[in-house]
Each structure stands twice: as structure tokens, then as C-alpha cells.
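Reader: I have a model open and want to learn to read it. Where do we start?

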Amino acid sequence: MTSLFRKWIGAGKAPIPVLPLLLGLLVLAVLYSVTIGRYDLSVQEVALILIDNIYPVAAPDWEPVQEVVVEQVRLPRILAAVLIGFGLAVSGAALQGLFRNPLVDPGIIGVTSGAGFGGTLSILVGISGYGLLAIAFTFGMGSIFLVKLLSTVRGRTSMLTLVLAGVVISAFFSAAISIAKLLADPFQKLPAITYWLMGSIASSSYADVLLIAAAVVPASLAVYLLRFQINILSLGEEKARALGARVVLVQWIILIATALISAGVVATSGIIGWVGLVIPHVARAIVGADHKKLLPVSGVIGAIYLLLVDNLARTLTTAEIPLGIITALIGVPVFAVILRRVHSRGGWADD
Amino acid sequence: MIEVRDLAVDRGGKRILEAYGFHLESGSVLSILGANGVGKTTLLGTLIGLLKPAGGKVAIDGRIGFVPQLFEVPFSYSALDIALMGRARHLGLFGSPGAKDYEIVRRCFSMLGITKLEHQTFNSLSGGQRQLVMIAQALGSECDLLILDEPCAALDYKNQDKVLALLAQLQKDHGMTIVFTTHMPQHAVEVASHVLLMTSGRDFLFGPVPEILNAANLSDLYALPIGRAEFTDRPKHTFAPLFRSGETASDV
């Protein structure tokens, strides 16, 4: 199936430029997403309103309220979706390569729930913004550290124990989150924490976008710089060391970058899971496993995916559905399919 | 040149090798034989620097290219992707293969006659083809010394022949120093100049093939009654050792 698809798009011979094509799609998806909502707008109007910021349009024929809807209400949320989708997909692709495990994403290895607990704790004591980011990052790193500690025996990290350690650490932090909820003021803080944990970008402002960017941009850049090292590490630690790779250094840079992305997402939007698991598989089917292509293509597909999911979230029902619920509803069946495929190849036996 | 002196290696808190030592000149081919679990892989791991010796010394002249036992990768890398990973040493932490690296690896592919495999998925290749891709990876790293862990395991006769002929050619045409482990004494006869028989973690025999590879030594090595191990002037693949009839391992 995968190879047929790659043959069809001409992978190997004269490959079509996948990345520019996807970037074009992303721009279209952004323009289309801005038109969606109670206030009716056409793609052309949206494009003109946005272009006006760079090259002032001679005779603007839109009302000021339309400009406010596009630039102040809808665009921040859309940019947030793009950045979050991009960051989560890149961190998922990097983690899958690093642990040579197609079943891994920041949620599976416990980073998300660690960062989620950090965020809950922050809300409980009344810290927000970059303070919340810092605390979420600290707990995300803490959970990564614990998972690594649990799953690494004599310098080897086994596929199965990594996932199990992630489950255990996630369970621990979920319990910790429950305790925090019990302690929270049931009329003000508890609803805030509960809704935030479900994952939503409905109330995103430009300040939120900037905060997500501050986490996602440097972390994605660091991961991309290590694209070839991730290729090598996906052969396994011993083979990577024999090839001269600096295994421990690369592992830690990627783990720190992943924790930063997760913390950035959690700090502004709560827990949005499964994106990092699903998207790299789609990207791998299109451009192959080489992380030089896989990382940017995953990122852009992730951005488009989360944007579409967010459109669903705000249009499916009159009340908004939290984003995290939809990504989980799509992600879990995909995880099940991948699990079956890995299992039928006897994938667990070889670590 | 490989110089191993009074080598001791521990693994998981247990002493695996003790008092090992040999000297191999550049351009020689060394074949390592020994029963399962005697420490062949440990010795190779120490030679390529993955394991730190607990005692003694390993000195190696030149850059090492390592070919591990047959394996599968978790993702759909192409054969070229896999071979390019051999360039890691020549690229910095943040580097990625450029035109020059592609050229070097493609030259290795054409030398090994596997150019048509370039874009095929590594996991979809046969064992023999995967082995050649891994040798291309090692050669692409511009190594002076090739170390292979059971390069012929899980290969049929034809592919064994192909890999061994390639090793012989690399030694002859490029003066490459080659070290490989095997379970087939005839592989040593076919391409090796020297042989290391690992009888146990502390007992071993090292020397030129004709001197060391005889029935008595092989009987000791495998604790089996081997009656004849005369390999010279026999056609390929027929010179497997013959067992003495009517005897069992306990009679040795």
C-alpha cells in the first residue's frame, strides 16, 4: 500500500515537490479557516484583508468589523492551531525516530501528562503565561527523565518497556492532576482546569501565539538540525555508536526539545494528544523515512490536520467541542491499526 | 594493524574475556571462530570501541568500518538512506549528507554492483543484498579496516560466495584489513590469512590459517569428533570438516 502510493507520486525517480505543495495547501487551509464562523466572509475578502497589512489595498471595500473578526478574533486561534499541529507532529516524528518505535508520541511517553500536571499546579496557585510554560516544561522534563530511567537497562531502551514506562508515568501524573482538582476551588478554578485539560484553543490571543511560537520554533529548529543524527539513531544505540554518532547528546537535545514543545502547547491550550503519533505515519508514507524530508513534511501536515480538526471543533455543534477530544477520537483507532501492524511483523521481539 | 595485548573484557559484571592477545598486520584477513557464547561478539565490540576493556590494551591503526549481523530497520529507509549513514563521521552534529557524500556512496554501490538497489526499501531486500548495502555503508565511511559480525550467517551458498569473494577482492585490490566472525571453518580457508580460534574466554589459538586450522584444533574448538579438516586443493563448498563416524562429542 505504502510502496504503491510512493510509486504513484513518483518517489525516487522524479519526485513531485511535496513540501511546496503542502505549504500551498496550508495557506489555502488557513484562508478557508478564517472564513468559517458566524460572520460570513469569502476567501477573497480574507485574502485582501490580510494582504492589506503588507501592501495596503487601494480601495478597501470591507467593513472595519470584518477586519476585526479576521485579525483579532479568528487569526490568532488559527495561527495557534498551525503552530501546535506543526510542533506536535515534529516532536512525534523525532521521538519515533529516536526510540525507533512507531508507537511513540509525547503523550505515550508521559511528557504531556507531566506538563499537564505542571500546568494544573500553575493554575491552582494562580500562575499563568511564561511562568506556567516554565513549570509545565519542568514537569515535562521530569516525566521524560523518569520514563528514561524506568525503561533503560544497561544502556539499552527496549520498545515495549518504553511504552509501558510511559503508561505508568502518565497514570502517576493523572492521579496527581486529580488530587490538584480535588484541592481546587470548585466554583472558579475547577471548571477552568477541567476545560483547559480537555485541550482547546478557543480563547487564543496573539500573546498565546507568541508563547507557543517561543516554544515550538526553537525546538523544531533544534530537531531539524539533528535530522541526520535521528536517522542514525533509529538503527539502534549500538549501531549508532559504531557509526560515530554522539548518542547521549542527541537523545537529550531531542528529549528537551520535545518537552519544550509539549510545555508550550499545554501552557496555552491544555492537553492535545495523538497528533504526534498519527501524522508522522502519514508523512512517512508520502516521503519515506529519511528525517530530512520527514520532519518538515510531518510538521506541515500536522499544521493542516490540526487546523481542520479545529474547524470541526468550532462548527460541528453550537457549543465548541474541545480539540483534545477530537484528536483522541481520531488518534486512538489509528494507534490500534499501527499496533496491529507492528505486532504482525513481530516488531516487539527485536529491540 | 591491530594489536591486542593482555585484553580483559567484562560484560554485565561478568568477565567474558581474559588474557587475550594477538597482532595482525595491515592488509591481512582474520577469521574468528568459536562456539556460540564464547565471546566473539564481545571481542568485536571491544575492537570497534563499543566496549571498554577492563584490562590490557587494544591498538588499531586506521579507521574502522563495522558491518553488524543482518538486521531490519523499524522504518522504510531506502538502501541509499542506510548506506549514507556511514558518512556520519565526516559530518558534524548538525550536518546532513551533501552532493559529495552521495557521490562517494554511489561509487561504493557501483563497485559492489548494487546500483539498482538504491531506491528500494532496505527491509524488502534479501539477506545477501542487505549485507552488500551494509558493506557499502562501511566502505562509504572511508574505512581502512573492515570488521564484520557473521557476514555469511543466514545467507544461502550463492550469497555466501558473493560476500566472501567481495571480501577477498577488497583485500587484494585495496589492501583492506578485514576481520570477520564465522561458524564455517571453510570461510576462513577461502579468504583469511589468519585465524583466531576462541576455545573459551581465556583459551585461544591465533596464527596463519594452514598452521592453525586442523582437525585436532577444530575438535577442541567445538568439542566434536572432527576426523578430517584438509581443505587445500579442494573445490569451494566441499571442504567442510568431516566428522569421524560412530563417535559422539563425549569421545573427544
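Reader: Is Val57(A) buried, partly exposed or exposed?

Author: Note that this is a predicted model. Buried means under 20% relative accessible area, and exposed means over 50%. Val57(A) has a relative accessible area of 24%, so Val57(A) is partly exposed.

Reader: Where is Val57(A) found?

Author: Look in chain A, at the loop between α3 (43–51) and α4 (64–98).

Reader: Which residues is Val57(A) in contact with, leaving aside neighbours within four places in sequence?

Author: Those residues are Leu48(A), Asp52(A) and Trp62(A). For a distance across the chain, take Leu255(A), 198 residues apart from Val57(A). The C-alpha atoms of the two are separated by 46 Å.

Reader: Now the surface. Which residues make a nonpolar patch?

Author: Tyr195(A), Met198(A), Ile325(A), Leu329(A) and Ile330(A) make one of about 430 Å². Helix α15 (residues 323–344) of chain A gives the largest share, 3 residues.

Reader: Take Ile325(A). Is it buried, partly exposed or exposed?

Author: Apply the cut-offs again: under 20% is buried, over 50% is exposed. Ile325(A), in helix α15 of chain A, has a relative accessible area of 36%, so Ile325(A) is partly exposed.

Reader: On to chain B. Which residues of helix α8 are buried?

Author: In α8 (residues 215–222), they are Ala215(B), Asn217(B), Leu218(B), Ser219(B) and Leu221(B).

Reader: What do the buried residues of α8(B) pack against?

Author: Both strands and helices of chain B. The strands are β3 (29–34), β8 (194–198), β9 (204–208) and β10 (226–228). The helices are α6 (185–191) and α7 (209–212).

Reader: What follows α8(B)?

Author: Ala223(B), with a positive phi near 50°.

Methods
Residues are numbered from 1 along each chain as its sequence is written. Chains are lettered from A and ligands numbered from 1 in the order in which they are written. This is a predicted model: local features need pLDDT of at least 70, side-chain atom pairs count only at pLDDT 80 or more; totals for chains, interfaces and linings use all residues. Side-chain values use heavy atoms; hydrogens and water are left out. Buried means under 20% relative accessible area, exposed over 50%, partly exposed in between (1.4 Å probe, protein chains only). Helices (H or I, at least four residues) and strands (E, at least two) are DSSP runs, numbered from the N terminus. Contact means heavy atoms within 4.5 Å. Patches are made of residues with over 30% relative accessible area and no salt bridge: like charges are joined within 9 Å, nonpolar side chains (Val, Leu, Ile, Met, Phe, Trp, Tyr) within 5 Å. Accessible areas come from the Shrake-Rupley method with a 1.4 Å probe; for residues, only the protein chains shown count as cover. A salt bridge is a side-chain nitrogen of Lys or Arg within 4 Å of a carboxyl oxygen of Asp or Glu.
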